[in-house]
Amino acid sequence: MKELGHLFRPIAFELSCESPPPPPTTSKQSRRRAQMSIRRTHSAVPGLESHECSLLFAAWTSLAEQSLYPNMALMGVQLVVSLLAVSIMQKMAPHCSFARWLLCNGSLFRFKHPSEGELCALAGKQMSSKTSRRDRRQNGHGEPKPLTVPKDIDLHLESTPVNVLDALVLRFFVEYQWLIDFAVYATGIYLFTESYYFVVDASKEVNIGAIWCVLMVFFGLRTLHVLMSHYFRSDEGGERSVCLAFGFLSLLVAMLVLVVREDYLEFGLEPGFTSVFDNFEAFAKQQGLEWSVPFTRLGVKLGLAILCSFLGALLAFPGLRLAQTHLDAVQMNAERPVIQILLHASFLSPLIILVLWVKPLARDFLGNAPMGKTSVTLLSSSAFDCVRLWTIVVLCVLRLLLTRHHLQAYLNLAPKWVEQMKKEAGRIAAIDIQRKVTRVYCYLTVVTLQYLIPILLVLFSTLALKSLGDYSWGLGPETSGVTPAPVLPTAPPALPRLEDEDDLEDMEEDIQATVAHLSEAFTAFRAVLTPIFFRGVFAFLTWWVAACQLISSLFGIYFHQYLMQS
């Protein structure tokens, strides 16, 4: 693999240059060097045949060279900044991590479980020493009975700030740290990309910031899937049943939403599907393929409904947990009315996002606001799109700022459980008290992920909607953030021939044919995915994530307020 890295490093360097590279040399020494590179690649990858390796390398090189001409820049400065961010993230993670600072900055306090000695002292009992236990085993009396204490003992848990050493033992801490740090760097790359597009006309470059946003959405869903699979592997079947129930409920709701006309829910799915189907039909004809448009449209909607069901199952427990931490956070800040208002606004933010895509309540109302017998246009169509994007971003930032209150409300479950235990009669094992208090802290990173991932999904899907959907922030002249389909030459430049190698002549012809075919297919495929399609996909994704979280959180409010009290 080192040989492959050495082989493709010059290509990666050329891609990061703004000026076009010099024309390829045709000297005999360069031809010999290319032949040796192909042979080194073949030796580095045993499973790759020599002929296939030559085709792959030459096709990749030719495509890279074709995309480096002035009017066909592929990535340019954005790729350099992106690679720099990846390198910084890898090098700085052990030393400087925003995810680690979020938990270990001293603002969160965990509660330590009481020792057996403390419980014995509170219960008025004398703790047996280790020598007495050993004498008891030698006398044939077996193991002593587990220590039990009355439930109404005067127990008060000791609090201590969460530090780095405490956080390293938490479950899923590695996944949490990597995901949150990746989100921070993805935000930085996106801000740089937007600034770059605002200053420079980079409409012919690939939007790297949008790629980072899409990757962030994918990694967030993957982490939620890991958490949900943990529930399915547990011995208790209650969590599994909850995920399945919300999955089937989401499937039903998604099927109802997908049949609503665009006059009411303006996702843009129908225009997007129409654009993709029309473009793909032309692409299929070029490739000699046959397909049925009605069957494809039905299959896409059915697949979309199944995907919505899967997302509903993933967001079930994050919504239930949000309801619990919201109630506890409001109670914890009973003497701070401003924080309470912000908490309620944060909890209702998914509802606001849902209303933004209801056309009669949002776009039509602001576009033709009734004023007596006349109507007034408060916002134009393009201004409404900008306001909708800014509203979602502000709501996501508000929820991120309230992260500490929700996490501390979760950590306060330990003393809350102790106070509830004091009201009960009977005795309880000391090990059960220790386990209950410790379990609350051990799942801190899981709760943090369940709180942050839905927010990040909404935020980054909105950012991808802006960039790939060709929207504007309204801060200046509108610039296209969508990657246009490059017009690659149908006749690639001929590769230099090795005059003393007759067996390479056929290979060169195959290489040229392969590059021409890949160029044509790549151009046609890029023309299929239009901004209209990306608008429909990411608008629906943003709306659906908010809808799933609203449904699960409202059910959680009902569960914790009424079912738990009964």
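Hi everyone, and thanks for coming. Two ground rules before we start. Residues are numbered from 1 along each chain as its sequence is written. Since this is a predicted model, local features need pLDDT of at least 70, side-chain atom pairs count only at pLDDT 80 or more, totals for chains, interfaces and linings use all residues, and side-chain values use heavy atoms, with hydrogens and water left out.

Let's begin with confidence. pLDDT is the predictor's confidence in each residue, from 0 to 100. The protein averages 78, and 72% of the residues score at least 70. Where pLDDT is low, the predicted coordinates should not be read in detail.

Now the overall picture. The secondary structure comes to 24 helices and 6 strands. Those are DSSP runs, with helices being H or I of at least four residues and strands E of at least two, numbered from the N terminus. Of the 566 residues, 44% count as buried. Buried means under 20% relative accessible area, exposed means over 50%, and partly exposed is in between, using a 1.4 Å probe and protein chains only. Among contacts between residues at least 6 apart in sequence, 82% join residues at least 24 apart. The protein exposes about 30300 Å², and carbon and sulfur atoms supply 63% of that; such areas come from the Shrake-Rupley method with a 1.4 Å probe, and for residues only the protein chains shown count as cover.

On to the open spaces. We put a 1 Å grid over the protein atoms alone: a cavity is a set of points where a 1.4 Å probe fits but cannot get out, a pocket is an open set with protein on both sides within 12 Å along at least five of seven lines, and lining residues have an atom within 4 Å of a point. Grid points are joined across faces, edges and corners, and a volume is the space filled by probe spheres set on the points.

How much space lies in the largest pocket? About 1700 Å³. It is lined by 37 residues, and the closest to its centre are R321, Q324, L413, K436 and H560. Several helices supply at least two lining residues each, among them α10 (208–233), α14 (316–332), α21 (430–442) and α24 (531–563). The helix that gives the most is α14, with 7 residues. By class, the pocket lining divides into 18 nonpolar, 10 polar and 9 charged residues. For those classes, Ala, Val, Leu, Ile, Met, Phe, Trp, Tyr, Cys and Pro count as nonpolar, Asp, Glu, Lys and Arg as charged, and the others, Gly among them, as polar.

The largest has about 70 Å³ of space, and its lining includes F246, W544 and I551.

Helix α10 provides the largest share, 4 residues. Its classes come to 9 nonpolar, 1 polar and no charged residues.

Let me finish with some single residues. Most residues other than glycine have a negative phi. F172, however, has a positive phi near 60°. It sits in the loop between α8 (164–167) and α9 (173–199), and is buried at 16% relative accessible area. D470 likewise has a positive phi of about 60° without being a glycine. You'll find D470 in the loop between α22 and α23 (503–528), partly exposed at 30%.

Leaving out residues up to four places away in sequence, T193 touches Q78, N207 and G209.

Last stop: R439, in helix α21. R439 is exposed, at 52%. Its C-alpha atom is 8.8 Å from that of A414, which is 25 residues away along the chain.

That's the tour, and I'm happy to take questions.

Technical notes: Contact = heavy atoms within 4.5 Å.
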